[in-house]
Amino acid sequence: MFKLYTDAATMNNSGNSSCGILIVHDNQQYQYKLKLEAKNNHEAEFEACLLGFKQLEKLVKSDDIVVYYTDSKIVHESLEKQYAKHFQDYVDKILSEQSKYSLVINNWIEDTKNEGAHNLATQALHLFY
């Protein structure tokens, strides 16, 4: 089983965004800090999720189980409903990525339980901007 955590960070004044991706498997951690194209926090959270699954694809076989964690309610609810009024393109791309695995369990967690991905996203914001 693979655990995937994502979080985005956006500078309010400039709209610059970054994300942190944390993948945990067999007591090993894979950490990624990436610059995003998104210019607002909601879009950045969707982009972070999509990029998280793209990074995961490099490590995971299709028959593996993935447990995904996000502190973004809009991302979690949109994936559960398979619909987002303003972000449907992201939802479709993410669901396409998720369909590559035998099972994906989407979970919403509080900010305080997503510190690993959050810290990576914040570090990336300072690193890139």
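# Reading helix packing and salt bridges

Q: How exposed is K100?
A: K100 has a relative accessible area of 32%, so K100 is partly exposed. The model is a predicted one, and the values discussed here are computed from it.

Q: What separates D89 and K93 along helix 3?
A: D89 and K93 are 4 residues apart in helix 3, which means a separation of about one helical turn. Their side chains meet in a salt bridge with an N to O distance of 3.2 Å. K93, at 41% relative accessibility, counts as partly exposed.

Q: How do the axes of helix 1 and helix 3 lie relative to each other?
A: The description of two packed helices rests on the angle between their axes and the distance between the axes. Here helix 1 (residues 41–57) and helix 3 (residues 88–98) have axes that come within 10 Å and cross at roughly 20 degrees. That angle makes helix 1 roughly parallel to helix 3, because angles under 35 degrees fall in that class. The crossing of the two is left-handed.

Q: Which residues make the contact of helix 1 with helix 3?
A: From helix 1 the contact takes E43, F46, E47, C49, L50, F53, K54 and E57. From helix 3 it takes Y90, V91, K93, I94, E97 and Q98. Sorted by class, there are 7 nonpolar, 1 polar and 6 charged residues in this contact. K54 and E97, the salt-bridged pair, are both among the contact residues.

Q: At what angle do helix 1 and helix 2 pack?
A: The angle is about 60 degrees, and the axes of helix 1 and helix 2 (residues 73–81) are 9 Å apart. That makes helix 1 oblique to helix 2. The two helices pass in a right-handed crossing.

Q: Which residues of helix 1 and helix 2 meet?
A: On helix 1 they are H42, E45, F46 and C49, and on helix 2 they are I74, V75, S78 and L79. By class, this contact has 5 nonpolar, 2 polar and 1 charged residues. F46 and C49 take part here, and both are also listed in the contact with helix 3.

Q: Where is H86 placed, and is H86 buried or exposed?
A: H86 sits in the loop between helix 2 and helix 3. With a relative accessible area of 66%, H86 is exposed.

Q: How far apart are the C-alpha atoms of H86 and H42?
A: They are separated by 9.8 Å, although H86 and H42 are 44 residues apart along the chain.

Technical notes:
Residues numbered from 1 in each chain as written. Predicted model: local features only at pLDDT ≥ 70, side-chain atom pairs only at ≥ 80, totals over all residues. Heavy atoms only, no water. Axes fitted to C-alpha atoms, helices over the stretch in contact; angles between N-to-C directions. Parallel < 35°, antiparallel > 145°, perpendicular 65-115°, else oblique. Left-handed = near helix turned anticlockwise from the far one by under 90°. Contact = heavy atoms within 4.5 Å. Nonpolar A, V, L, I, M, F, W, Y, C, P; charged D, E, K, R; others polar. Salt bridge = Lys/Arg side-chain N within 4 Å of Asp/Glu carboxyl O. Buried < 20%, exposed > 50% of the residue type's maximum accessible area, 1.4 Å probe, protein only.
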